[in-house]
Amino acid sequence: MTQTLQTPFGATSTSEEVLAGVNLSGTRALVTGANSGIGIATARTLAGAGAAVVLAVRDVEAGKTVAAEITQLTGNQDVTVGRLDLADPSSVRTFTDAWDGPLHMLVNNAGIMALPDLTRTPRGREMQFQVNFLGHFALTLGLHDALASAGGARIVSLSSNAHLYSPVIFDDLDYRFRPYNPIGAYAESKTADVLLTVEATRRWSGDGILANAVHPGAIESNLQKHTGGMQTPPDRRKSPTQGAATSVLVAASPLLDGIGGRYFEDCNEAPVVDERPAPFAGGVARYAVDPEGAQRLWNIATELVS
């Protein structure tokens, strides 16, 4: 059994603390959903460490406002915006086709949560699975060559402790047989986000590409607009910069050199668990890091996005 990786950081560490002294000059990062919440904090911290940062967002004008604020705060002039709608496969394809040059850090941060009613895309995909997983899968696949050309790229997949509520139900991804469950659908998409990193690392480590998943913690944002607001007790909540800490650790810290296919929370690797732990106890479900499940999902997703 591989020993879990522990760092000097923890639940209250901020993204700036995690990257203190790290120089990212000469690197390029892409952050999806970077015009709100921890996406802004993630992009700002990477830019502050010297990386060229691309904000991939649906609302380009809102993205430009955030980019200008990041430039003003960090002095980094290389903060740009690209339009990306993860619910629309053609938008993802347009984005990846237009990408030019190497990509050192891909942070798959954007997400939606607990849509109250079953919603499917024009292609028939359940919307949370499409936006949270399939859209990011297509983006990641389309940027493979850019990641490979970076010579040591990292992929960060934003998951959640909600993954502990459901494995991926392979035979009914789009709720055509089961009653729709808003949190269950979110949970499946977040399990899929972990499985992506397991298989990406297996397939692409030879290209110098490693991927890890993170649970950022409970951060008040527009992600909770369908859940009646933040339900987590106040003492368990994080600020946006605390929420972004695990993302930037996985994306850029030298402490994670050579590490892939793992799940991190509170800036440390989580233990694998075989049953749902007590609230806030932490852990990653075994089904979320199962190599066979990861390979199966990759093969299915490849067909779905083709």
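Which side chain does that of Lys238 join in a polar contact of 2.7 Å? I began my notes on this predicted model with that residue, and the partner I found is Asp266.

**Entry: Lys238.** I placed Lys238 in strand β8, which covers residues 237-238. Its relative accessible area is 11%, under the 20% limit, so I noted Lys238 as buried. Besides the contact with Asp266, I recorded that the side chain of Lys238 reaches the backbone oxygen of Pro216 at 3.3 Å.

**Entry: the sheet.** I then traced the open sheet of 8 strands, whose order I wrote down as β3-β2-β1-β4-β5-β6-β9-β10, with mixed pairing. At its edges stand β3 (79-83) and β10 (268-269), and because each has a single partner strand, one side of each is left without a neighbour in the sheet.

Helix α5 (residues 127-142) lies across β1 (28-32), β4 (105-108) and β5 (153-158), and I noted an angle of about 170° between α5 and β4. Helix α7 (residues 182-204) also packs on the sheet, where it touches β5, β6 (209-215) and β9, and its direction makes about 160° with that of β6.

**Entry: nonpolar cores.** The largest nonpolar core has 45 residues, and I listed Leu30, Phe133 and Leu147 as those with the most contacts inside it. Among the elements that give two or more residues to this core are β2 (52-57), α4 (89-98), α6 (144-149) and α9 (291-305), together with α5 and α7; the most comes from α5, with 8 residues.

**Entry: salt bridges.** My search of the whole structure returned 12 salt bridges, and I looked at several of them in turn.

How far apart are the closest N and O atoms of Glu199 and Arg202? I read 2.7 Å for this salt bridge, and because the two residues are 3 apart in helix α7, about one helical turn separates them. Glu199 counts as buried at 1% relative accessibility, whereas Arg202, with a relative accessible area of 48%, is partly exposed.

Helix α7 also holds Lys190 and Asp193, 3 residues apart or about one turn of the helix, and their side chains meet in a salt bridge with an N to O distance of 3.4 Å. Are Lys190 and Asp193 buried or exposed? I noted that both are buried.

For Arg286 and Asp274 I found a salt bridge whose closest N and O atoms are 2.5 Å apart. This pair links distant parts of the chain, 12 residues apart, with Arg286 in the loop between β12 (284-285) and α9 and Asp274 in the loop between β11 (272-273) and β12. Arg286 is partly exposed, with a relative accessible area of 43%, while Asp274, at 61%, is exposed.

Finally, I recorded a network of salt bridges that links Asp172, Arg178 and Glu188.

How values were computed:
Residues numbered from 1 in each chain as written. Predicted model: local features only at pLDDT ≥ 70, side-chain atom pairs only at ≥ 80, totals over all residues. Heavy atoms only, no water. Pairing = 2+ DSSP bridges. Helix = DSSP H or I, 4+ residues; strand = E, 2+ residues; numbered from the N terminus. Contact = heavy atoms within 4.5 Å. Axes fitted to C-alpha atoms, helices over the stretch in contact; angles between N-to-C directions. Buried < 20%, exposed > 50% of the residue type's maximum accessible area, 1.4 Å probe, protein only. Polar contact = N/O pair within 3.5 Å; in protein donor to acceptor, adjacent residues only side chain to side chain. Core = buried A, V, L, I, M, F, W, Y, C linked by side-chain atoms within 4.5 Å. Salt bridge = Lys/Arg side-chain N within 4 Å of Asp/Glu carboxyl O.
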